[in-house]
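Hi everyone, thanks for coming. Please take a look at what's on the screen, and I'll walk you through a few parts of it.

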Amino acid sequence: MLEDKFGRRFHYLRMSITDVCNFRCNYCLPDGYKADGERSFLNVDELSIVAKAFASLGTSKIRITGGEPSLRKDLTDIITLCANTDGIKQVAMTTNGFRLERDVDRWHQAGLNTLNISIDSFDPHMFASITGHNKLETILRGIDRALELGIKVKINAVLLRQYNGSEMSRFLKWIKAKPVTLRFIELMQTGDNASFFEKNHVSGEPIKQDLLSQGWGQVIRDKAAGPAQEFQHPDYDGRIGLIMPYSKDFCASCNRLRISALGKLHLCLFAEMGIDLRPHMASTDHYALREALIAHLGDKEATHYLHEGYTGATTHLAMLGG
Ligand code: SAM
Ligand code: SF4
C-alpha cells in the first residue's frame, strides 16, 4: 500500500487525460482554453501502465478528469482499461456534463460507476454566465439517464459570492427528490484567479451551521472517504457535501495522488511542481513506474499552504483536474 511518512494511505488516483476544455468557467478558464505549444497527452498504453502501477500498490479507485475528459475521442477505451485493471473497484469521472446525455450509456457499458458533474447554478442564465455555455438543460437530462443506469452521481458546485451566493434554496429544492450528493466546494485560489478569489470566496462553515440548524445531520463517514463533510435530512432524497480546503486539518484525510495528462506525478494539487514519470511509462510492464512512485511519495508534504496565499505551480485547476 502507498503510505506516506504521516501515515496517510493513497487508495485513490486522479488521472487527468487532457487539459483542454470547451467551457470558460469564470473561476478556472475565464478566457477559455489556450493551447500551450505542441504536446501529446498520455496514450492508452501509457495510461494502462499508470493504472497497473497504482493498482499494484493498493489503489482501488481511479477518477478520470481533465480539463474536460469527454473531449478525448478514446475516452471509452480509457474507462475500459481502468475498469479491467486488476484491483480497481471503482471508476469515476469528473465532467462538465456537456457530452453526458449523448455518451453516458457508452461510458456505463465501458465500466464507469461514479460520475461527478459540475453545476454551479440551477438558473440557466446564471449557469451560462459562469460557464460561457447554455447547456444546463441537456446536462440535467443526462443526469436523469445516469441515475436510471444506476450510476452513482455527485454534483460539484463551487461557492461564488457574486454568482450563486443567493441560490441555496434553489439547490436544496433540486435535491429534494434526487438521490445525488450535491457538494459545495469552497473556491480555491490559484495562480490565475487572485482578484476573482478575493471577491468571490465564501466559507462553507456558515453553510454548515445553517444546515445543522435546519435539521440536517452530519453523516459519519469512513476515514477513507475523503475530504467532503456530508449531511442528510429525512425530507430529502439527496445529500449535501461540503468541501472546505481552508478548514483546519483538511489535509489530514488526504487519500489521493494525481497524474497529469502529460505524465507528471503531483503529490498535492498545490505542489510546487509535478515530477515527470513519463519515461517510466514507456516500458512494457509497470514495475519501473511502481518503484518511482514508492520513491517519490517520501516527498509529500503534510499540508498545502493555501492559507498563506501560496498556490504552487497550479495556475488553474484545468491543469490537473481539481
Ligand atoms: N472539466 C471538468 C469539470 O468541470 O467537472 C473536470 C475538471 S474541473 C478542474 C474539476 C472540478 O474542479 C470542477 O468541479 C470545478 O468546478 C472545480 N474547480 C475548478 N477550479 C476551481 C477552483 N479554483 N476552486 C474550486 N474548485 C474549482
Ligand atoms: Fe473547464 Fe472544468 Fe475548468 Fe470549467 S471547471 S473551465 S469545465 S476544466
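Okay, a definition to begin with: two strands pair if DSSP finds at least two bridges between them. Strands themselves are DSSP runs of E, at least two residues, and helices are runs of H or I, at least four residues, both numbered from the N terminus. With that in hand, look at I240 in β9, the bridge partner of L182.

Some housekeeping. This is a predicted model, where local features need pLDDT of at least 70 and side-chain atom pairs count only at pLDDT 80 or more, while totals for chains, interfaces and linings use all residues. Residues are numbered from 1 along each chain as its sequence is written, chains are lettered from A and ligands numbered from 1 in the order in which they are written, and side-chain values use heavy atoms, with hydrogens and water left out.

Back to β9, residues 239-243. Strand β6, residues 181-186, pairs with β9 in the parallel sense, over five bridges. Strand β8, residues 229-232, runs antiparallel to β9, with three bridges, and Q229 stands opposite L242. Why is β9 largely enclosed by the rest of the structure? Because four of its five residues are buried. Buried here is under 20% relative accessible area, exposed is over 50%, and partly exposed is in between, using a 1.4 Å probe and protein chains only.

Next, helix α3, residues 100-110. L100, D103, V104, W107 and A110 are buried there. They cover an arc of only 130° around the axis, so they sit on the same side of α3; that arc is taken from the directions from the helix axis to the C-beta atoms. R102 and Q109, both exposed, are on the face turned away from that side. The buried residues pack against α2, β3, β4 and α5, where contact means heavy atoms within 4.5 Å. After α3 comes G111, with a positive phi near 120°.

Finally, the ligands. Which residues come nearest to ligand 1? Out of 20 around it, they're Y27, G67, S118, N156 and M188, and "around" means a heavy atom within 4 Å. An N or O atom in the Y27 side chain is 2.9 Å from an oxygen atom of ligand 1, and a backbone N or O atom of G67 is 2.9 Å from one of its nitrogen atoms. G67 also turns up around ligand 2, along with residues including C21, F23 and A318.

Terms used. A polar contact is a pair of N or O atoms within 3.5 Å; within protein, one must be able to donate a hydrogen and the other to accept it, and residues adjacent in sequence count only if both atoms are side-chain atoms.
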